[in-house]
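Dear colleague,

Please find below the sequence and structure that I am handing over to you. My findings follow directly after them.

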Amino acid sequence: MITVSVKKLLDAIEEAEEYKLPEMNEGTQYLYDELYGKASRGMELHLSEIAFDRFELEDIDEMRELHCTTLEANESKANTISGSLLCIQPVAVASEFV
């Protein structure tokens, strides 16, 4: 029987070198945290919310490169892990307390 602790699995994935994001400068970090994060979750993003003074044109290029080289690859890996987990049959268990 295979048992999976979802918390431990998520912690291990976050710590895995393959999933770590590269260091980002302040402008690219802003784009990633504030804009890419909202857009990738399907949230609305209004032009009035964008602080254009927080990033430069080069940061947009760096964000595009980050997406192409890291984020797309991580999404593919995450989909593979999700598919594998979906194939595991659930088992009912009872916790024992001492």
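Of the 98 residues of the protein, 17% count as buried, where buried means under 20% relative accessible area, exposed over 50%, and partly exposed in between (1.4 Å probe, protein chains only). This is a predicted model, in which local features need pLDDT of at least 70 and side-chain atom pairs count only at pLDDT 80 or more, while totals for chains, interfaces and linings use all residues. Residues are numbered from 1 along each chain as its sequence is written, and side-chain values use heavy atoms, with hydrogens and water left out.

The average pLDDT (the predictor's confidence in each residue, from 0 to 100) is 80 for the protein, and 80% of the residues score at least 70. Among the elements, helix α1 (residues 6-15) has the lowest mean pLDDT, 74, whereas α2 has the highest, 90. Where pLDDT is low, the predicted coordinates should not be read in detail.

The protein contains three helices and zero strands, arranged along the sequence as α-α-α. Helices (H or I, at least four residues) and strands (E, at least two) are DSSP runs, numbered from the N terminus. Of the contacts in the protein with a separation of 6 or more, 76% are between residues 24 or more positions apart; contact here means heavy atoms within 4.5 Å.

The largest nonpolar core has nine residues: Met 24, Tyr 30, Leu 31, Leu 35, Ile 50, Phe 55, Met 63, Leu 66 and Leu 71. A nonpolar core is a set of buried Ala, Val, Leu, Ile, Met, Phe, Trp, Tyr and Cys residues joined through side-chain atoms within 4.5 Å. The elements that give two or more residues to this core are α2 and α3. Leaving aside neighbours within four places in sequence, Met 24 is in contact with Gln 29, Tyr 32, Glu 62 and Leu 66.

Asp 59 deserves a separate paragraph. Asp 59 lies in helix α3 (residues 57-86) and is buried, yet has no salt bridge; the nearest side chain of opposite charge, Arg 54, is 9.4 Å away. A salt bridge is a side-chain nitrogen of Lys or Arg within 4 Å of a carboxyl oxygen of Asp or Glu.

What does the side chain of Asp 59 meet instead? A polar atom of this side chain lies 2.7 Å from the backbone nitrogen of Glu 56. The side chain of Asp 59 also makes a polar contact with the side chain of Thr 28 (3.5 Å). A polar contact is a pair of N or O atoms within 3.5 Å; within protein, one must be able to donate a hydrogen and the other to accept it, and residues adjacent in sequence count only if both atoms are side-chain atoms. Beyond its neighbours within four places in sequence, Asp 59 is in contact with Asn 25, Gly 27, Thr 28 and Leu 31.

Thr 28 itself is placed in helix α2. Thr 28 counts as buried because its relative accessible area is 0%. Not counting residues up to four places away in sequence, Thr 28 touches Asp 59, Glu 62 and Met 63.

The structure holds one salt bridge. It is formed by Lys 38 and Glu 49, with the closest N and O atoms 2.8 Å apart. This pair links distant parts of the chain, eleven residues apart: Lys 38 is in helix α2 (residues 26-40) and Glu 49 is in the loop between α2 and α3. Glu 49 counts as partly exposed, because its relative accessibility is 34%.

Lys 20 is placed in the loop between α1 and α2 and is partly exposed, at 43% relative accessibility. Its C-alpha atom is separated by 9.9 Å from that of Leu 71, 51 residues apart along the chain. Not counting residues up to four places away in sequence, Lys 20 touches Glu 14, Glu 15 and Thr 70.

With kind regards

Note on methods: Lys and Arg count as positive and Asp and Glu as negative; His and the chain ends are not counted.
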